[in-house]
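This report describes a single protein chain. The sequence and structure come first.

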Amino acid sequence: MTMTFTKAARLVLLLAIPGLVLTGCGRKGDLERPGAMSTTAPAGTAKPQQTAVDRPFLLDPLL
């Protein structure tokens, strides 16, 4: 069974679109804990953050 150029191009496009869409998801920048952003403090001032309890997660060894 031979694959024509049109069918091959459609397959590549079909596989590339979800990858491009998922690449655009998310937020660019440093990772922060949820709730770390505060609008009460003026810009440039550091505010002490609450410490969270570190609970192990099933996928932690993979990271």
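## Helix

How far apart are the end C-alpha atoms of helix α1 (residues 5-23)? They are 27 Å apart, which agrees with the 27 Å that its 19 residues should span at 1.5 Å a residue; the expected span is 1.5 Å times one less than the number of residues. The protein chain has one helix and zero strands, as DSSP runs (helices H or I, at least four residues; strands E, at least two) numbered from the N terminus.

The model is predicted, with pLDDT of at least 70 needed for local features. Residues are numbered from 1 along each chain as its sequence is written, and side-chain values use heavy atoms, without hydrogens and water.

## Exposure

Of the 63 residues of the protein chain, 0% are buried, meaning under 20% relative accessible area, with exposed over 50% and partly exposed in between (1.4 Å probe, protein chains only). The count of buried residues in α1 is likewise zero. Leucine 15 lies in helix α1 and is exposed, at 61% relative accessible area.

Technical notes. Predicted model: local features only at pLDDT ≥ 70, side-chain atom pairs only at ≥ 80, totals over all residues.
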